[in-house]
Amino acid sequence: MKDFTRSDLLFSLCGLNCGLCPMHLDGHCPGCGGGEGNQSCKIARCSLQHGNPEYCSQCQEFPCKKYEDIDGFDSFVTHQNQKRDLEKQQEIGVEAYRAEQEEKIRILEWLLQNCNDGRKKTFFCVAVNLLELEDVRNVKEQIKSDETFGELSLKEKAAYVTGQFQKAADKQGIVLKLRKKK
């Protein structure tokens, strides 16, 4: 969108975790306000009309009616926690939230390099995005501490890791799937 730029390309204006999105990871999207390839957006237009806050949570009107059904379905990245993640960022602070996201990105990159059989990228992105950092850390530590993990084929590693994330998600009542628009 013309004249819409932001400094944080990992966490969007509206609360999407762009740094955990397959499109961003593959270089097909620069992230919210990142220039060419960034899609036009009604929330970006709204931001420009409201003094261009870096995050919607910095707007006096947050949460506005745009957030009523914002998490109803997903695109390439899960939309399930947009409002909640903006509120969490408000609560713990921009720097602390960014540090959590950067750690999640490092774990996701490790998973994609070491455990992806070519069919789990979206699943890993969704799992790392929806689970709390502590749960993601625990899954990674479980994987690394399993002495037999290194002996598994890549397909077996992918299945094992998927199972570990599924167990963590089940404990929290989280469904690790993108939700399609109806």
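A residue is called buried when its relative accessible area is under 20%, exposed when over 50%, and partly exposed in between (1.4 Å probe, protein chains only). The model is predicted, with local features requiring pLDDT of at least 70 and side-chain atom pairs counting only at pLDDT 80 or more, while totals for chains, interfaces and linings use all residues. Residues are numbered from 1 along each chain as its sequence is written, and side-chain values use heavy atoms, with hydrogens and water left out.

The protein chain holds 7 helices and 0 strands, where helices (H or I, at least four residues) and strands (E, at least two) are DSSP runs numbered from the N terminus. Its C-alpha atoms fill a box of roughly 55 × 35 × 30 Å along the principal axes. Of the 182 residues, 46% are buried. Contacts (heavy atoms within 4.5 Å) tie the chain together across its sequence: among those between residues at least 6 apart, 69% join residues at least 24 apart.

Because its relative accessibility is 3%, Asn129 counts as buried. Beyond its neighbours within four places in sequence, Asn129 is in contact with Asn17, Leu20, Val77, Thr78, Asn81, Asp85 and Lys104.

As for charge, the protein chain carries 27 positive and 28 negative side chains, with Lys and Arg counted as positive, Asp and Glu as negative, and His and the chain ends not counted. The centres of the two sets lie 6 Å apart, each charge being placed at NZ of Lys, CZ of Arg, CG of Asp or CD of Glu.
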